[in-house]
Every structure is written in structure tokens, then in C-alpha cells.
Amino acid sequence: MISLAGRDILHAWGKFLFTGIGLGLLIGVTLTMAGVYRGMVDDGKALLDNSGADLWIVQKNTLGPYAEASSVHDDLYRSIRITPGVAMAANVTYLTMQVRKGDSDVRAMVVGITPGQVGTPGWPPYLVSGRPISRSHYEAVADIASGFRIGDLIRIRRHEYNVVGLTRRMVSSSGDPMIFIPLKDAQQAQFLKDNEAILQGRRRTAGNPAFNRPAVPGLLDSVIASQSGNPYVNAVLVTVRPGFAAEDVAASIRRWQRVTAYTRTQMEGILVGKLIATSARQIGMFLVILAVVSAAIVAFIIYSLTMDKIREIAVLKLIGTRNRTIAAMIMQQALVLGVIGFVVGKITATFAAPIFPKYVLLIPLDSIAGFLAVLAICMLASVVAIRMALKVDPAEAIG
Amino acid sequence: MDKRGIRIEGLSKRYGEGATAVHALKDVNLHVDAGEVVGLIGPSGSGKSTLLKCLGAVIDPTAGRMILGDEVTYDNGWKVRDLRALRRDKIGFVFQAPYLIPFLDATDNVALLPMLAGMPNAAARAKAHELLTALDVQHRAQAMPAELSGGEQQRVSIARGLVNQPPVILADEPTAPLDSARAMAVVRILNDMARKYATAIIVVTHDEKIIPTFKRIYHIREGVTHEEAGEGRAIDHGAST
Ligand SMILES: Nc1ncnc2c1ncn2[C@@H]1O[C@H](COP(=O)(O)OP(=O)(O)OP(=O)(O)O)[C@@H](O)[C@H]1O
Ligand SMILES: [Mg+2]
């Protein structure tokens, strides 16, 4: 027996190819959408991996430091460092902001890290060029995606920072490139006011009789000093000694320090389950819509291809072709359309992914799932056409 | 009478029920022997197509008896179980328009029938080629239907009707779109094939050109058949399509 579907496709190959390409572009968009979601998850994981931490110590009852605001005192790390099982503890601040780059600005996540100690949690694990921050002020290490080069000046608030090193794939959970600066500068940058506001603030304090007592010299200066300093950081990053379970160490920190401690697994749960959950649902909706649209397109095309063949189908039935053979012919055509569409879609997605501003991660599992979904959709879509073909009366072939 | 051929006794067919019912066939009696070509003529709406559909096992008669070859296919409400296989194995169809499958070449259009019956592709194609040769279109065997002339398409379609060597061929106005010479050629082919393969052939026609060639003719008027002797005029063997 010859393949009726195959012959028909060869005969009308142009129609199939063009329809397949159209469908393919749609599938390409679908695969890319899935890639965008995977990219977001991967950005989140990269953020956690690159921080080098086993535990995140944040303000009690917050989901900080990435999903919610968190602030802990910057001397907390000292008492955490002496908790059994803790190898290293380091302060870190995160601040997503626009930083100036010449005449334009870039969105970046400014990370404040303790200077001078490579391997400390919070530090970029490797540099693609340059050197780590070695001075405690006005040096920066930038992610290559920010567009900065070594020797560039980054303007963050009122200060300029000299780019001394570059990293790669150091991004925030929303894909913004990271810029590392010394902790003290970062703490200041979080609350830095302009000179006018500082003067205003001082004048207000000086005008308050409770702080400006003639009998207590030095009180006003101490109050002003405490107001203008920022003794807070967003989190303390902790590495755990070998042989200790992260969860046990986290439990003892929670018990003694009135803070919340998250392990790597919990942190990943927060990032993926909470921070990007809405975006994931958004993308999920898109995938559903695209699937429905693809199904409608395949259904419509297979339906009209079958409509064009009603007479031939009546003749095929009259000369004794089984319904099964006719149904198989239509379904095979739908599947071939799906396969062409998938191949075109996969190629499109592969070439389009690097063009996207944020990370698009195409994983084989998604492709396989996508392929199976396409086949399922095509089979489903051919049902309408098959039902119509089976209803064709062989008597129609006779006058 | 030969054991093969067609016998129809007291066949009737009613479309619909009650007041709107149409008695398309009332009392049809006819027989066509193996190797014989018989004409079926009648005015429009007289029931010709309905009769072919009953014979072709695509609609059920209301009453009567039909025998195709050596098999009773319908007897007052009883009918053969596998009508699809009956159509495939016992009946060849030739239509007014050739209705070739546009995505199969001439050979495969003909070979499709034996393939559907389970014959291996090579054997089916060999058989198709034999028929195409008999109908003198073997030189167009690889052509797609769209590349064939109307007469060539009709011959391929006749080859398709004959390829399973069915005991019965039902032809519905097979010459309508053809000019006189080609129409005569088709009739000649049908006569040759009837003789060569001992096939019983019914040709429904309005075509004045070919009516004189039948030895026997059934007239159908308002669903009732009347047998007449035809002229049985010799067919000009020089005619070709
Ligand atoms: N499916 C149907 N339902 C109801 N009535 C029908 C149906 N098919 C045919 N008829 C009626 O049965 C009668 C016979 O129709 P049929 O098609 O057999 O005529 P015919 O001899 O083939 O005519 P023509 O030469 O115009 O093709 C007509 O009155 C027609 O209206
Ligand atoms: Mg008719």
C-alpha cells in the first residue's frame, strides 16, 4: 500500500511547507517563551550560586534580601561568625538602581561586598578580566552585560567608581547585571542624600532643644553623626564548615540571633516560588494562548485541505477505501505539518534566543515536551477534519 | 443465462417517509449477462442514478432482490455485511467526470484498488500497467491527472474501474464530456473489456451518439424499467481518443 498522506504532501508540498513555516514561527515564539521562563529561573539560581553562600541571614520574618526588603545591623556578622559550624560570614547589601554610564544610564544591581577578601561569600566567584576590588572605596567590579569596560567610571549617586574587574553572568533575579562596590560605599549609597538635604537635616536637629542642650557639649555632634551613618546591611551571607548540615546551622542561628536564616533550598523556593511566580503564571498564560492558537490554525488548515478533497474522499470510499485509511491520511498530514512546524520553530527559537535582552534558556526537556505537545495538538486538530471526512457519503461520487 | 452478470428483480427505492416520500424506483427488473454492455436511458429524475447507487451498494433499496455475479447482495431488507469489500471486489465504477485522485499518477490511480485489496505494490502496478496498455494510455503512465487530456483521464478512470476485474461495471454517463469520436472510442473500450474480462456493464447515458451501439437498452420512466432491443450498430474501430 502506498502512503496517501505522503503522496498528497509531495503533490502539494508548497502548501504544506508554507503552512508549516507559519506554524513554525508560532511554535518558535512558544519555545522562546518557555526559554524566557527557564532563563528567569536560571538567573535566580545563578544569583544564589554566584553569591557563594550556604545560608542567608535576613531580618526576622522577612523573605529578604531578594524578594523583600531586609535590614540587619552590620555588626551581626560578628556573632554569627562564632556560631558552631559557620566557616565565614560576610555582610552584603543589594540595591537595584540606575547607574550613570557617561551620558546614559543602565539598570543594575549594586552589590556591596567586604573589600579585599577573595572567596568571601558575596564575592563574584571569578573574573573574566581585571582584578578584584582591593581598596575600600571607589572601586567597582561590573558584569560584562552592563556594558562597562575596565577603566570606565561608574557614577553611583554622588560618587564615581573606577571599574577594575569584569564578571560574566552575574545577574539579579530579574536579569539586571550586577555591579560590586565596597560595602561601606554601598551602605552610604543606600541612604545618601544631596548636600542641601544634609544641611537641612542638620539644621533641623540643631533646632531641636532635646538634642542641642547647652549643658551637654558634644551631644549634637553625636546625634548628627548617628543620623548620617548607616549601620545596616541587607543580609549576612554564611558559608558552612564541611561536616555540618546547613539546616542545623541555620536552626541554631535562628534560635540565638532573632533573625531569619534561609538555606540554599529555601532561598531557591523563595526566588522561584514567590519572586518570579507571577511572571511564570504570565508566561504560562501565553503558552496556553499560543497552544490554542496553534491548534486552531492546524485545525483550520487541515480542515480546508480536507474540504478541497471531499470529492476524492467520496471516490476513495466508493472504491472501497477503509475509513481507517482515510482518517490515517488526514492525521498523518496534520502530524507532518506539526513536525515541519516544530523543526522551523526550534531553529527560530535557537537563533532568536541570543537576541533577547534577558537570558533565554532553551532546555532539551522543554523541546521534547513541546514536540509531544505539538503532536498532540495536531492530532486533536485533525479530529474535526476526520469527522467531516468520515461523514462524506460515497454516494456523492455518483451523479 | 450465465451465472455471472447482474440480475435485479422487483427493486424499489423510496426516499423519505410519509407525505414527502419520493418513490424513485418502483419496479425495476433487469439483467445483464457477463460480457454484455447494456444501456440505461431515461429522462431526468427517472431514477437512473438511484438505480446505480443501489447496485453500487452505497444506498439501500426499499424492497426487491439484487444479484451481482454469483452473490445475492440484497434480498428484501437483507444485505451483504461488508458493503465496502463488495464495492472494492465486485464493482467497478466509471463516472461522467474521471474523478482521479489528483496526487497519484495514472499508474497509482489504477493500482490503488488492488493495493486496497491487499495486493503488493509491485504486483498492483504491473496489473495497472496491463490495463493502461489495454486502454492505450501506457505512454502516460507516470503522468499526474492534471497533466492528462480529458480523454486520457477518462481512459485511466475506466482502467481503474476494470483493474480488480469486477464482474460488474457501473458507468454513469461516461461519454458526456467527450466529443463524438472519443465517445465512440470509450464505448468500444467498454465493449472490448466486457468481452475480454467477461464483465457485465451498465452504461447510464443521455448521449444520442452512443445509444445506437447497444444491443439491449433499458428505458426507465418514473421508476419502472422497460426492456427494448437496441440497434447494436457496429462501432467504428478507427475511432480513438
Ligand atoms: N437523496 C434523495 N432524497 C430524496 N429524493 C431523491 C434523492 N435522490 C434522488 N431523489 C429523487 O429521486 C428521483 C430520481 O432521482 P435520480 O437522481 O435517480 O434521477 P436521474 O434519473 O439520475 O436524473 P438525472 O438524469 O437528472 O441525473 C428524483 O425525483 C429525485 O428528486
Ligand atoms: Mg443522475
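Residues are numbered from 1 along each chain as its sequence is written, while chains are lettered from A and ligands numbered from 1 in the order in which they are written. In this predicted model local features need pLDDT of at least 70 and side-chain atom pairs count only at pLDDT 80 or more, whereas totals for chains, interfaces and linings use all residues, and side-chain values use heavy atoms, with hydrogens and water left out.

**Exercise 1.** Describe the shell around ligand 1, and state which polar contacts the ligand makes.

*Solution.* Begin with the residues that are near the ligand, that is, those with a heavy atom within 4 Å of it; among them are B:Tyr15, B:Val22, B:Pro43, B:Thr50 and B:His206. Sort the shell next, which gives 4 nonpolar, 7 polar and 1 charged, where Ala, Val, Leu, Ile, Met, Phe, Trp, Tyr, Cys and Pro count as nonpolar, Asp, Glu, Lys and Arg as charged, and the others, including Gly, as polar. Then assign the shell to elements, taken as DSSP runs (helices H or I of at least four residues, strands E of at least two, numbered from the N terminus): β2 (22–32) and α1 (48–55) of chain B each supply at least two residues, and the largest share, 3 residues, comes from α1(B).

**Exercise 2.** Classify the packing of helix α3 of chain B against α4(B) and against α5(B).

*Solution.* Helix α3(B) (residues 106–116) meets α4(B) (residues 121–134) at about 120°, with the axes 8 Å apart. The pair is therefore oblique, since angles under 35 degrees count as roughly parallel, over 145 as roughly antiparallel, 65 to 115 as roughly perpendicular and the rest as oblique. Against α5(B) (residues 150–162), α3(B) packs at about 20° with the axes 8 Å apart, so these two helices are roughly parallel.

How values were computed: Axes are lines fitted to C-alpha atoms, for helices over the stretch in contact, and angles run from 0 to 180 degrees between N-to-C directions.
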